[in-house]
Amino acid sequence: HDVNVLQGDNIEIGNIYTQSSRLESNVIQKYIAPGQDRNQMTQENFIKDLTQLGIGYVLVAKEVDWENYDTYLKNNAHLKMVHDSENLILYKVAILY
């Protein structure tokens with residue numbers, strides 16, 4: 001079956017992290033952009049934002065700074081790791097009730 005994919009459009013060139021005006025990007029970036037204090041953000045708000053955008057899975061490519069993002073995801077009780085390979089990690093988003 002078909003799956004919609006939301007891919008990051010942040011350019012990360014020099015001091016410019018992004019110039020995106022896409023709603024989905026702005027929602028996600030408040031959690032992952034440099035300088036964000038992830039300790040101040042609740043896991044529940046992150047999951048609510050993901051589900052409101054229709055996101056059911058989070059795929060992490062093991063590239064340059066992937067561990068910075070993965071630590072935040074791994075510690076979220078509402079995400080379940082369903083796949084871990086040499087190059088990728090896949091998390092399933094739990095639905096909050």
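Val93 touches Ile47, Leu50, Thr51, Ile55, Gly56, Tyr57, Val58, His78 and Leu79, leaving aside residues up to four places away in sequence. Contact here means heavy atoms within 4.5 Å. This is a predicted model, in which local features need pLDDT of at least 70, side-chain atom pairs count only at pLDDT 80 or more, and totals for chains, interfaces and linings use all residues. Residues are numbered from 1 along each chain as its sequence is written, and side-chain values use heavy atoms, without hydrogens and water.

Val93 lies in strand β3. Its relative accessible area is 5%, so Val93 is buried. Buried means under 20% relative accessible area, exposed means over 50%, and partly exposed is in between (1.4 Å probe, protein chains only). Val93 and Gly56 are 37 residues apart along the chain, yet their C-alpha atoms are separated by 5.1 Å.

Glu44 sits in helix α2. It counts as partly exposed because its relative accessibility is 37%. Glu44 and Ile95 are 51 residues apart in sequence and 10.0 Å apart in space, C-alpha to C-alpha.

**Overall layout**

The protein has three helices and three strands. Along the sequence they follow the pattern α-α-β-α-β-β. Helices (H or I, at least four residues) and strands (E, at least two) are DSSP runs, numbered from the N terminus. Of the 97 residues in the protein, 27% are buried. Among contacts between residues at least 6 apart in sequence, 48% join residues at least 24 apart.

**Buried residues of the helices**

| Helix | Buried residues | Elements they pack against or that cover them |
|---|---|---|
| α3 | Trp66, Tyr69, Asp70, Tyr72, Leu73 | α1, α2, β1, β2 and β3 |

The arc is that of the directions from the helix axis to the C-beta atoms. After α2 comes Gly54, whose phi is positive, near 80°.

Helix α3 spans residues 66-74, and its buried residues are Trp66, Tyr69, Asp70, Tyr72 and Leu73. These too lie on the same side of their helix, because they cover an arc of only 160° around the axis of α3. They pack against α1 (23-32), α2 (43-52), β1 (57-61), β2 (79-84) and β3 (88-93).

**How α1 meets α2**

The axes of α1 and α2 come within 10 Å and cross at roughly 160°. Axes are lines fitted to C-alpha atoms, for helices over the stretch in contact, and angles run from 0 to 180 degrees between N-to-C directions. The two helices, α1 and α2, are therefore roughly antiparallel to each other. Angles over 145 degrees count as roughly antiparallel, under 35 as roughly parallel, 65 to 115 as roughly perpendicular, and the rest as oblique.

Val27, Ile28, Lys30 and Tyr31 of α1 make the contact with Asn45, Phe46, Asp49 and Leu50 of α2. By class, this contact of α1 with α2 has five nonpolar, one polar and two charged residues. Ala, Val, Leu, Ile, Met, Phe, Trp, Tyr, Cys and Pro count as nonpolar, Asp, Glu, Lys and Arg as charged, and the others, Gly among them, as polar.
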